[in-house]
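Subject: Structure handover

Hello,

Here is the structure I promised to pass on. Please open it next to this message and follow along.

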Amino acid sequence: MSKLGNIPVNAQDGKKRTNPLAGVFDELVQFCQSRSMFMLHYCTGCGAIELPPAMTSRFDMERLGIQPMVTPRQADILLVTGYVSVKTLKRVILTYEQMQSPKYVIGICSCTVNGGMYWQSYATAKVLNEYLPVDVYIAGCMPRPEAVIEGMRRLMRNIEDGKGNAWKDYFQRYDYYLGNQQHLFGNDWQTPTDIIGEARHYGLESEETYGEHTKILEQHQQPLEPYKMRIKL
Amino acid sequence: MTVLDDLLLFTALASVAIIALRRFASISKFSVVVYALATVLLIKMSALGYGGEPVYSSFTVNVLGQILQWRFDALSWFFALITLVSALLAAFFMSGAWGEKYCKEHSKEAYGLLQVALILNVLSMLVLLASGDLLSLFIGWELVSWASFMMMALNPDKLARKAAIKYIVYAMAGAMAFLMAIAMTYNMTGSLDYVQVMQGMAHLSNSQIALLVSLYVMGFGIKMGVIPFHLWQAAAYAETPGAGAVFMGAISARMGLYALLVVIVQIIGLTRVAAIEIPYTFLDMQNVLAWVGALTTIIPTYIALKQNDARHLLAWHGVGQGGYMLLGVMISDSIGTAGGIMHVFNHATYQAALFMTVTAVIYRTGTSNFSKLGGLVTQMPLTFMVMVVSIIGLAGIPPMNGFVSKWLIYRALLLDGQPLLFVAAVIGTLGTILSVYKLVHNTFLGQLRLEHQEVREAPLSMLIPMLGLAIIIFATGVMPGVVLDWVAAAQIAVGIAPVEHNLGGIELVQGGLDMIWVTGIMFYGFAVGAIIFYVLGGKSKHIHQYDNYAGGHFLTSKVRYHYSNHFYAGLMHMIGGWYRNVFIKLEHALVSLVSFMSQFSENFYRSSQPVMLVAVVVVLALYFVLGSSGGAEVSAGVSLGGFNQ
């Protein structure tokens, strides 16, 4: 079992920008980002039941700029709200990979932290951050809406401070995450997305992006070329 | 010999030639040349479209002291232009690859018959449009009915045959109503000539006018497919073989509107129609007809929404758009009538283009069933583009031409103070937008099926008329003044004040329309968006169709993410209860009533019970005798006088 300390909450490369205006601009961008969060709630377990009160008029998450979104392409936050069975985890990973960067993962309930009451189960994934980079965990069984909102605010503060960079870790250490996934799903595991290509696109390749697990992936992965518009009379 | 003589003679000779040459392979090229030459002859009369004097045919027939004559005025010229151009494009469309495939699938004979049906349709429509009095109008009317029947009956499919039979039953009922109305008109006014009938109408009482209007509208309404006579049209047009459906969908049903414009608007006059109060209501006859038009826009459009076959969806829209034309004409001011008449042209352009795209899809994939299509945009991009342009026109969204005519109708409804009709028209448009989206989504968007991965773009002979129509749709949308010139001339011909217009649209004190500005601003907006997206952003990424979100499902060729079955489930949850098949049940009830009566009379004639027959005859005779003597009717008394003594 990996340690919670593995969550890289501050993965900035340490370079300081000299232009003061650039800093202002970065802060403005981060400020705006932190205040327009669209969340895709992947309601897996009982934690989902705490979301309606959190979203609706009593606790009203929308006043913080957080509202639900129906597709991963437009979403910023992936909420995983309870235990994830092996079968569900495949879907969660696919959904996460389809989201556009920057993207954030929040694990709600103890089940996502360490398996919770399902810690003995053969069919559930115990620690979510072995498979996905999790930004914030909200422990509790289940956490109340106040706690959920507190977790959201924590994420917002992280983003505002430039610390919400866990998504970069998925590209930088893809081999590690892929290895854990392969360990659980078997070596023929693949999704229709192209993480390595995306890592190159964002310029986030590192030594740990590649490794023995990506080699296994390359062996059996059939690249899905998009259909080209063609006029063939 | 006038130009009209030339045109009619040329078309008649061409039909004879096509009937004679129908088995030859070069017939398809020949027919294209025929329609092109006929169009040239029509263009020779183009002075009509700009307010010229009517062109008379030198051929007349004298029947019962009435002179049957044929002539073209601006309205006829406008409709004839649409007819000939759509026939030209349909003939071009089927002259190449489509015709070859049709020959292979059916037979050369069937293809020849399709050509014959097309030229006969064109000829009969020209005869109808050229009619100069009520009797020649009726002759043209019957010719068009039977020519359409020939076109529909070409499809050997059982459904298609059934639709064609249904059509001819409806058409005959309409023709009988029309004939009866003509006979009564002759009886009341003593003439069949338009001008003399028009003068005679002034002396008729309101109840006589009401009777005539009801009969005429029933005759014309059946051809147009207005409520409650809308059931025949969609199936009949949809099942017509591809290129035939292009022509039929574009113009055929509009002959009803032409006759309505001539008889109701020009001869009887909408002021007379408006003077007829419907008892116990606050409506007059004109309101009733406007509401018939409004309901015709709503009901068939929402039936179209439920169709699961592209051809049927389009054909139901053809019925629904006819309602807009009727509604526009029935507003009776210059703007509304202009909208109604202009909609004929606009509808013909995009309906022909849409039927062509659907036929092209059928040509390449073999089906128009929505649940077997999807994702064809990468394989047939040009066809997709034509369909998008045409559905923008059909939905009435700028900058295509459908927007202009619908805007005119809406504007006239607002100026006329008809908020309820306006809402009805808007509801109809909403249904149109929803179902055209269904059409384009289920055919071209979504996931490409495994078996369609090798599908190619439609062949050039089909693409050229399609692209040509798309250009016309856009050009007449940006510069509606081109069409409005002809529309204004047609309005003068039927005795309505012409609409004030310029190249860009309408001049109106209360706020006009300039499509050149509208289009300019739209494209300016597109340009800004394109610059932001492509120049400043430029981070788009193409992905495979399986890299798509379906609630976390892993998509494969087995798990398709193409939502075509039970489309608009949410909407149907709300309005599904309104689909109660009332008109179908009504039709069934009528059919069973007629068959019950026919069985009754059949049994009556077949039964060999002389005692009962004698008893019935005796009772009837006694009733007649006693009733006549008691009632002291003069005529009955005279005829039975000998018997009584």
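Start with the sheet in chain A. Five strands make up this open sheet, in the order β2-β1-β3-β5-β7, and their pairing is parallel. The edges are β2 (66-68) and β7 (136-138) of chain A. Each has a single partner strand, so one side of each has no neighbour in the sheet. From one strand to the next, the twist averages 30°. Keep in mind that this is a predicted model.

Now zoom in on one pair from that sheet. Strand β1 (residues 37-42) of chain A pairs with β2(A) in the parallel sense, over three bridges. Look for M37(A): its bridge partner in β2(A) is I66(A). As a general point, side chains in a regular strand alternate between the two faces of the sheet.

Next, the domains of chain A. Domain 1 covers 19-164 and domain 2 covers 168-225. Their C-alpha centres lie 22 Å apart. How many residues does each domain of chain A bring to the contact? Eleven come from domain 1 of chain A and eleven from domain 2 of chain A. On the domain 1 side, helix α3 (residues 86-98) of chain A gives the most, with six residues. That side of domain 1 of chain A divides into six nonpolar, two polar and three charged residues.

Over to chain B. Chain B has 27 helices and five strands. Its C-alpha atoms fill a box of roughly 105 × 60 × 60 Å along the principal axes. For 645 residues, a compact globule would have a radius of gyration near 26 Å; chain B has 27 Å, which agrees. Of the 645 residues of chain B, 48% count as buried. Take the contacts in chain B with a separation of 6 or more: 77% of them join residues 24 or more positions apart.

Chain B also has two domains. Domain 1 is 278-516 + 548-567, and domain 2 is 584-644. The centres of these two domains of chain B are 52 Å apart, taken over C-alpha atoms.

Look at the hairpin in chain B. Strand β1 (residues 55-63) and strand β2 (residues 66-72) of chain B run antiparallel, joined by six bridges. One bridge to find is V61(B), whose partner in β2(B) is L68(B). Two residues lie between β1(B) and β2(B). L64(B) is in the turn, with a positive phi of about 55°.

Then find the open sheet of three strands in chain B. Its order is β3-β4-β5, with antiparallel pairing. Which strands of this sheet stand at the edges? They are β3 (501-502) and β5 (513-514) of chain B. Each has a single partner strand, so one side of each is left without a neighbour in the sheet. Two bridges join β3(B) to strand β4 (residues 505-506) of chain B. Here H501(B) has I506(B) as its bridge partner in β4(B).

Last, the contact between the chains. It takes 17 residues from chain B and 19 residues from chain A. The chain B side divides into nine nonpolar, five polar and three charged residues.

Best wishes

Notes: Residues are numbered from 1 along each chain as its sequence is written. Chains are lettered from A and ligands numbered from 1 in the order in which they are written. This is a predicted model: local features need pLDDT of at least 70, side-chain atom pairs count only at pLDDT 80 or more; totals for chains, interfaces and linings use all residues. Two strands pair if DSSP finds at least two bridges between them. Helices (H or I, at least four residues) and strands (E, at least two) are DSSP runs, numbered from the N terminus. The radius of gyration is taken over C-alpha atoms; the globule rule is 2.2 Å times the number of residues to the power 0.38. A residue is buried if 20 or more other C-beta atoms lie within 10 Å of its own, exposed if 12 or fewer, and partly exposed in between; C-beta atoms are placed from the backbone. Two residues are in contact if their C-beta atoms, placed from the backbone, lie within 7 Å. Ala, Val, Leu, Ile, Met, Phe, Trp, Tyr, Cys and Pro count as nonpolar, Asp, Glu, Lys and Arg as charged, and the others, Gly among them, as polar. Domain bounds come from an automatic or database domain assignment. Axes are lines fitted to C-alpha atoms, for helices over the stretch in contact, and angles run from 0 to 180 degrees between N-to-C directions.
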